Amino acid sequence: MAIANFADAEIYYEISGEGHPLVLIPGFASGAWSWAWQVGSFSDRFRVITFDPRGVSRSTLSDGADVSIEAIADDVANLLDAIGLDSADVLGISFGGFVAQEFALKHPQRLGKLVLASTSFGGPNHIPPSAEVLAAFTATDGLNTSERIGQYLTLAFSREYAAANGAAVERFCRLREENVVPRDVYMRQLQSAMDFDAEDRIRKIAARTLVITGDDDTVVPPQNSRNLAAAIPNAGLKVIEGSGHMAFVEKAAEFNRIVREFLQS
């Protein structure tokens with residue numbers, strides 16, 4: 001557990017294991033805690049780096065500091081500097097997938113392999129979720145309360161998984177509740193996600209890339225991942241059957257195996 005001090009933010013991060021460095025970039029309004037299902041599996045082969053994005057949970061930021069996707073991508077590069085690393089493999093999920101794409105485009109020399117999970121290239125050709133799901137994520141009343149968190153995060157799991165694995169869903173929601181996201185940071189992350197459009201740029205990503213999706217993702221419908229994989233020159237696609245947006249939790253063992261095999265290939 002450590003803090004990296006940057007010009008306009010202090011970034012909390014953790015390092016687990018030894019080996020080739022792997023940075024895990026969390027999803028929307030999430031932090032290092034969200035990778036609880038991955039760190040143990042990856043840290044026996046990789047030097048796993050997790051962090052709270054600027055302004056989230058244990059990371060702070062100066063008044064007026066940017067919290068955009070571009071700023072977080074720069075934080076990843078600066079975090080590598082702080083740790084003393086030239087480059088790393090990167091796994092980003094959902095909103096973190098936007099950040100990972102931006103990192104790949106802004107800092108290509110710092111990137112090894114790239115994994116993009118449950119995400120999209122954004123822009124006008126992004127396939128949106130249903131109105132119900134979108135409304136749940138954009139509402140901010142009682143933002144950090146257990147009721148509000150349970151309402152929108154439960155929708156990110158497939159219905160079958162949520163019905164059969166209530167304890168796991170509750171654990172994920174409880175971890176989110178313990179890691180407060182200020183309303184202004186939440187809203188600015190949301191706006192940055194809505195503005196994100198990399199479709200015309202991602203053909204420039206040269207890194208070997210793996211795109212992963214759950215076939216029942218109702219937050220970022222799986223066609224987005226198919227379109228993303230088709231648009232990146234050196235990309236492959238893996239579809240995890242019977243899982244939703246939270247495939248990395250619902251089918252953690254399968255998700256982790258797929259990622260490990262790709263990174264070690």
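Visitor: Which helices each supply at least two residues of the lining of the largest pocket?

Guide: In this predicted model, the largest pocket has a volume of about 680 Å³ and is lined by 35 residues. The helices that each supply at least two residues of that lining are helix 3 (95-106), helix 4 (131-138), helix 5, helix 7 (166-178) and helix 8 (183-195).

Visitor: Which helix gives the most to the lining of the largest pocket?

Guide: The lining divides into 23 nonpolar, 11 polar and one charged residue, and Ser94, Phe98, Ala193, Val219 and Val220 lie nearest the centre of the pocket. With four residues, the element that gives the most to this lining is helix 4.

Visitor: How do the residues lining the second largest pocket divide into nonpolar, polar and charged?

Guide: The second largest pocket has a volume of about 180 Å³, and its lining includes Glu132, Arg159 and Asp216. The residues of this lining divide into four nonpolar, four polar and three charged.

Visitor: Is Leu153 buried or exposed?

Guide: Leu153 has its place in helix 5 (residues 146-154), and, not counting residues up to four places away in sequence, Leu153 touches Phe172, Cys173, Arg176 and Met246. Its relative accessible area is 6%, and since buried means under 20%, Leu153 is buried.

How values were computed
Residues are numbered from 1 along each chain as its sequence is written. This is a predicted model: local features need pLDDT of at least 70, side-chain atom pairs count only at pLDDT 80 or more; totals for chains, interfaces and linings use all residues. Side-chain values use heavy atoms; hydrogens and water are left out. Buried means under 20% relative accessible area, exposed over 50%, partly exposed in between (1.4 Å probe, protein chains only). Contact means heavy atoms within 4.5 Å. On a 1 Å grid over the protein atoms alone, a cavity is a set of points where a 1.4 Å probe fits but cannot get out, and a pocket is an open set with protein on both sides within 12 Å along at least five of seven lines; lining residues have an atom within 4 Å of a point. Grid points are joined across faces, edges and corners, and a volume is the space filled by probe spheres set on the points. Ala, Val, Leu, Ile, Met, Phe, Trp, Tyr, Cys and Pro count as nonpolar, Asp, Glu, Lys and Arg as charged, and the others, Gly among them, as polar.
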